[in-house]
Amino acid sequence: MNKETKNIKKLIVHQSLDLDCGRTIKNFPLAYETYGTLNKGKTNAILVFHALSGDQFVTNINPITKREGWWTTAVGSGKAIDTDKFFVICVNILGGCMGSFGPKEINPETGELFGTTFPVITIKDMVRAQIYLLEHLSIDKLLAITGGSMGGMQVLQFASSYPDKTYSAIPIACSASHSAQNIAFNELGRQAIMADPNWNKGNYFKTNLSPDKGLAVARMAAHITYLSDKGLQEKFGRKLQVKGNLKFSFDADFQIESYLRHQGSVFVDRFDANSYLYITRAMDYFDLTKQFDGNLANAFKKTKAKFCVISFSSDWLYPTRENKEIVIALNACGANVGFVEINSDKGHDSFLLDVPEFLKTLSEFLNSIYNEINNEKGI
Amino acid sequence: MKKEFKVIAQIIKNSKRVLDVGCGDGTLMEYLKLNQQNDVRGLEPQKDLVQKCIAKGLSVIEGDAEKELIQFPEKSFDYVVLSQTLQAFLAPEEVLKQLLRIGKQTIVSIPNFGYWKVRLHLLLKGTMPITKNLPNEWYNTPNLHMCTIQDFANFCNEKNIKIDKSLCLTNEKISEITSGNRFYKNIFSQLGIFLIQ
């Protein structure tokens with residue numbers, strides 16, 4: 001087991017889990033974190049699913065990276081997902097690198113790190129694994145499940161696979177099947193990693209050299225897709241790093257260049273390159289429509305959960321159109337669904353940022369569910 | 001809540017599945033949900049109003065009825081409600097077709113352009129009528145296809161749409177429209193409410 005993640009909360013799942021790829025895993029670790037207090041009736045639990053580069057440390061200071069949690073804008077005391085009121089759970093996904101079963105873990109059969117011998121994971125596998133934690137915490141039914149981007153895909157998969165396990169579902173800025181454009185961007189990232197000679201076919205742990213350059217380029221390219229043209233232009237424009245003249249070199253003349261380089265370099269400090277390969281693959285393989293023979297409406301036939309689908313106007317990675325396909329499918333099967341597109345110039349990243357209209361919608365929807373459940377139960 | 005909504009709620013009764021098209025801030029939806037245990041959904045094009053509805057715990061989809069109605073399955077609601085919006089669509093006939101397809105029954109209300117104050121305004125002032133129900137100027141009104149109670153009745157007749165109930169509203173007073181009194185009701189009513197299928 002990895003040293004740096006030794007002291008974080010972990011559940012060892014002893015049951016065996018049949019993965020979509022055909023392999024079976026058991027006795028595997030699931031690292032998780034919780035915030036707030038579970039009430040007596042166990043009716044205030046919210047399961048948050050993290051996205052590609054996220055982890056279980058949703059809010060406060062991440063004890064490993066010493067940085068703020070990835071959703072500090074939305075989760076915490078007095079915030080939209082109010083930890084004074086709700087019990088928030090987040091699990092590091094299968095294939096991740098923050099303590100859960102992933103390519104950075106030791107394969108007990110060989111005594112070596114998995115690397116690329118790790119099984120290919122799907123979104124469905126990630127969701128299945130998290131059910132074990134809910135059982136461990138004795139939570140039968142969640143108040144809500146939510147997440148943006150790949151977190152939203154997990155929301156959709158969970159709502160489809162476990163229709164009775166949540167009162168509500170909030171998929172944010174996501175899609176029911178990964179688009180060609182998104183697969184293309186993920187492939188670009190993977191190729192950047194694999195083109196780094198240090199990657200060594202995934203065996204970089206044997207050489208003590210890691211594919212930092214490749215992973216940084218992958219992150220830089222991905223980061224551009226999380227922003228919007230307008231947002232970039234307003235924030236950076238053609239502003240120079242050092243005022244005055246161009247340097248006539250390939251150093252970072254422009255602020256946007258140095259910003260991207262910074263994003264790349266901080267990412268490699270906290271993320272595992274092989275994990276990046278596995279997780280992007282899981283996103284690409286996600287196609288809930290195909291799981292139901294081409295009819296997405298059938299995915300939600302059994303659900304009684306109340307949905308609130310949220311998209312952002314400037315998100316071109318998971319555009320409103322793709323989010324609306326989820327809404328259309330939910331309507332087609334008579335599910336209970338609300339939908340709003342939030343105006344924001346901040347692109348796909350909007351769900352992570354301080355976008356007041358979004359946070360307000362999130363908060364009000366959750367409060368309405370909280371009130372409905374408590375009225376129903378007469379608490 | 002305005003009288004029109006009370007009338008619509010009375011028609012719907014309890015425990016029905018209802019779609020409110022152009023639901024605004026969700027006033028009618030909330031009433032139907034809390035007082036009559038109806039299972040209600042809404043469709044509304046204005047973001048801020050959709051957010052208000054979501055805050056009230058109402059399931060409302062942001063979208064334009066002219067594009068979005070197509071996604072709802074046939075006869076998936078007991079009632080579809082369209083309150084004073086028909087005249088604002090680019091293609092009201094198409095919208096009406098969709099409403100009739102989705103709902104087992106449809107409730108449509110229209111501001112009556114045949115109301116005597118409207119007629120008098122045009123007759124005497126010679127300018128486009130502005131009344132309490134039609135407060136906008138000709139250049140900024142959202143109403144593209146105004147009609148009268150008589151027009152709507154004629155339309156239903158031509159298109160073989162069955163009118164199960166027709167009511168009219170004047171100064172908060174509700175009364176029934178019959179084939180015998182329609183001529184007068186078309187002069188003295190501000191609003192027509194029709195239950196059609």
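**Entry 1: N27(A)**

I started with N27(A), which is exposed because 11 other C-beta atoms lie within 10 Å. I found N27(A) in the loop between β3 (24-25) and β4 (28-35) of chain A. Strands are DSSP runs of E with at least two residues, helices are runs of H or I with at least four, and both are numbered from the N terminus. I looked up phi of N27(A): near 55°, a positive value in a residue other than glycine.

I note that this is a predicted model, where local features need pLDDT of at least 70, side-chain atom pairs count only at pLDDT 80 or more, and totals for chains, interfaces and linings use all residues. Residues are numbered from 1 along each chain as its sequence is written, while chains are lettered from A and ligands numbered from 1 in the order in which they are written.

**Entry 2: F248(A)**

Next I checked F248(A). Phi of F248(A) is near 50°, a positive value in a residue other than glycine. I located F248(A) in the loop between α5 (229-235) and α6 (255-270) of chain A. F248(A) is exposed, because 7 other C-beta atoms lie within 10 Å.

**Entry 3: Domains of chain A**

I looked up the division of chain A: domain 1 (10-178 + 286-377) and domain 2 (183-279). The bounds come from an automatic or database domain assignment. The centres of the two domains, taken over C-alpha atoms, are 26 Å apart. Their contact takes 24 residues from domain 1 and 19 residues from domain 2. Contact means that the C-beta atoms of two residues, placed from the backbone, lie within 7 Å.

**Entry 4: Nonpolar core**

Which residues touch the most other members of the largest nonpolar core? I found I46(A) and V88(A), in a core of 161 residues. Domain 1 and domain 2 of chain A both give residues to this core, so it lies between them. A nonpolar core is a set of buried Ala, Val, Leu, Ile, Met, Phe, Trp, Tyr and Cys residues joined through C-beta atoms within 7 Å. Leaving out residues up to four places away in sequence, I46(A) touches residues including I81(A), F86(A), V88(A) and L142(A).

**Entry 5: Chains A and B**

Last, I checked the chain contact: 21 residues of chain A meet 15 residues of chain B. On the chain A side, α10(A) gives the most, with seven residues.

How values were computed: A residue is buried if 20 or more other C-beta atoms lie within 10 Å of its own, exposed if 12 or fewer, and partly exposed in between; C-beta atoms are placed from the backbone.
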